[in-house]
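Subject: Structure handover

Dear colleague,

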Amino acid sequence: HLFRMTVPMGKPMMVTLRDPAAGDHNELYAKFGAPPTRSDYDARFSIPASPNQQVVVPMATLGTWYILVYGDYVPAPSSYTLQAQTADLFVGEVTPTEIGNSADAVLYFTGAGFDSTTSVQLVASNGTTYTAPSVAADSFTQLRATFTAMSVPAGQYTVQVLKPPGSTVQLPTPLQIVAGGEATIETNVVVPAWLGRHAVATIYVEYANTGKMAMPAPLLVLH
């Protein structure tokens with residue numbers, strides 16, 4: 001299905017596709033001035049094999065935009081909703097959603113409209129507000145907020161992102177601050193069932209930080 005719409009002014013734009021059929025695999029594309037295809041577009045979906053999709057355009061150009069909804073796998077007819085919005089600020093999600101307070105806590109936000117005036121607040125259940133002392137817009141679509149060690153007590157917090165003069169986005173998922181916390185690295189080596197003496201083979205080295213604190217990406221050496 002192809003949709004056409006007019007953006008009245010240059011602002012961040014978010015297009016959201018919602019499909020209640022869990023087994024559907026949908027794709028979403030956006031292009032300014034001409035209909036997009038699966039290989040020619042200005043913005044596209046990011047979650048493979050999913051019924052629900054979202055496209056964020058950091059700064060949508062004033063004028064006509066085209067949205068393509070493509071059903072890659074739809075085993076049975078179903079309905080869906082498509083919503084396009086423009087605003088000064090969009091916030092998709094924050095990572096991590098649980099972190100310790102024994103070291104500086106760094107939170108990463110995805111969305112659109114981030115700049116040097118954007119701020120981040122944590123709101124406790126009693127209404128106490130903690131404002132991040134350091135906030136940096138890595139790009140128009142990624143924001144990084146740092147809370148200094150031990151500055152926020154353990155507990156559950158509502159996360160708010162603010163941008164003057166009056167844009168405030170409250171995230172639906174709360175942030176859990178735990179007392180203490182440490183980084184924990186786990187590694188795994190995946191090898192094929194057999195290795196030929198003169199044959200090409202691939203060995204996968206996996207790692208993950210399963211702790212409650214951030215850590216630098218490790219340098220792994222396989223012998």
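Which residue in β5 is the bridge partner of methionine 14? The partner is valine 56. Some conventions come before the rest. This is a predicted model, in which local features need pLDDT of at least 70, side-chain atom pairs count only at pLDDT 80 or more, and totals for chains, interfaces and linings use all residues. Residues are numbered from 1 along each chain as its sequence is written, and side-chain values use heavy atoms, with hydrogens and water left out. Strands are DSSP runs (E, at least two residues), numbered from the N terminus; two of them pair if DSSP finds at least two bridges between them.

Strand β2 (residues 11-18) is joined to β5 by 6 bridges, and the two run antiparallel. Both belong to an open sheet of 3 strands in the order β5-β2-β7, with antiparallel pairing. Its edge strands, β5 (53-60) and β7 (81-86), each pair on one side only. From one strand to the next, the twist averages 10° (axes are lines fitted to C-alpha atoms, with angles from 0 to 180 degrees between N-to-C directions).

The other strand to look at is β10 (residues 105-112). Because 6 of its 8 residues are buried, β10 is largely enclosed by the rest of the structure (buried: under 20% relative accessible area, 1.4 Å probe, protein chains only). Strand β8 (residues 90-95) pairs with β10 in the antiparallel sense over 5 bridges, and glutamate 93 has threonine 110 of β10 as its bridge partner. Strand β14 (residues 142-147) also runs antiparallel to β10, joined by 6 bridges; there, phenylalanine 147 of β14 is the bridge partner of alanine 105.

Regards

Key
Buried < 20%, exposed > 50% of the residue type's maximum accessible area, 1.4 Å probe, protein only. Helix = DSSP H or I, 4+ residues; strand = E, 2+ residues; numbered from the N terminus.
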